[in-house]
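Please examine the structure shown below.

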Amino acid sequence: MAAADELAFHEFEEASDLLAETPDAATTSGSNQLTPQGHVAVAVDSGGSYGAEEEVEESDRTALLQEEKQQPGFWTFGYYQSFFDVDTSQVLDRIRGSLLPRPGHNFVRHHLRNGPDLYGPFWICATLAFVLAITGNLTLVLAQRRDPSIHYSPQFHKVTVAGVTIYCYVWLVPLALWAFLRWRKGVRERMGPYTFLETVCVYGYSLFVFIPTVILWLIPVPWLQWLFGGLALALSAASLVFTLWPVVREDTRLVAAVLLSTVVLLHALLAVGCKTSRRRLQLEPTPPRNAQPKGPA
């Protein structure tokens, strides 16, 4: 028994001496025993990697600063150039959305998506002005064929009058509406009005329905003309009301009702003005060039 204890003590002394002579080998051996099979130990130099990451981030930041362009000012053409950067599919989608209004379908949220454009409203207003003037003169041509006593000269100044009226409506009415909603936002904190360009975009696309309606007014049936005009007004006004309702519903009922009624009334006045202007053009034939004015007897 004593011999066995002396042998164990001797082996312990030899292990202690070996550990004192080669500590690195003992540590490596221990770590190899603790490391599970099938795993690879990877040593990471944290200091060098951190420095490399800092250099990469600094170079990326410098590249971004070099690529960043200065934003154009509000008074320059470059500022408005982005609002004309739309493709045909976007314009057609927004026209389709204005022609098919339905409750719960917000034109701004579903079609503009924080990207209003001025391309569609600009050309819609221009087309509507030209169509109004051309169909008015064409109506007189058809009337002259039925009644040769009617004489007229082309009244191209109607294009200017129609264009100025339509463009003023599409810009001034949204401006007043936007200013009013901004003022009410200070009174009612929960209200979130649209931007001015979004409001202009909504009004511009809402007028598209009047372009085919004005062409259909060439049919010489008065009650049918008023029917087409009423349907166009209903679709266009519904598009405005459904778009503005999520904003004005946070306000009081009285303010919301008065505001929406005013929007519909102004839209109706524009539609009636387009219809009556064509009628005045139709009922005001120009006297023949060879006609001599009658002098005093």
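The model is predicted. Its protein chain contains 12 helices and 0 strands, so the order of elements from the N terminus is α-α-α-α-α-α-α-α-α-α-α-α. Of its 297 residues, 31% count as buried. Among contacts with a separation of 6 or more, 74% join residues 24 or more positions apart. The accessible surface amounts to about 19,900 Å², and carbon and sulfur atoms contribute 64% of that area.

Helix 5 spans residues 88-99. From first C-alpha to last, this 12-residue helix reaches 17 Å, close to the 16 Å expected at 1.5 Å a residue. Its buried residues are V91, R94, I95, G97 and S98. Viewed down the axis of helix 5, these residues fall within an arc of 160° and therefore line one face of the helix.

Which charged side chains pair in this model? There are 2 salt bridges. In one, the side chains of R96 and D93 meet at 3.6 Å, N to O. These two residues are 3 apart in helix 5, about one helical turn. R96 is partly exposed, with a relative accessible area of 47%, and D93 is also partly exposed, at 23%.

The side chains of R94 and D117 form a salt bridge at 2.3 Å, N to O. R94 belongs to helix 5, whereas D117 lies in the loop between helix 6 (107-112) and helix 7 (119-146), so the pair ties together parts that are 23 residues apart in sequence. R94 is buried, with a relative accessible area of 3%; D117 is buried as well, at 1%.

Terms used: Residues numbered from 1 in each chain as written. Predicted model: local features only at pLDDT ≥ 70, side-chain atom pairs only at ≥ 80, totals over all residues. Heavy atoms only, no water. Helix = DSSP H or I, 4+ residues; strand = E, 2+ residues; numbered from the N terminus. Buried < 20%, exposed > 50% of the residue type's maximum accessible area, 1.4 Å probe, protein only. Contact = heavy atoms within 4.5 Å. Areas by Shrake-Rupley, 256 points an atom, 1.4 Å probe, with all protein chains shown as cover. Expected span 1.5 Å × (residues − 1). Arc of directions from axis to C-beta. Salt bridge = Lys/Arg side-chain N within 4 Å of Asp/Glu carboxyl O.
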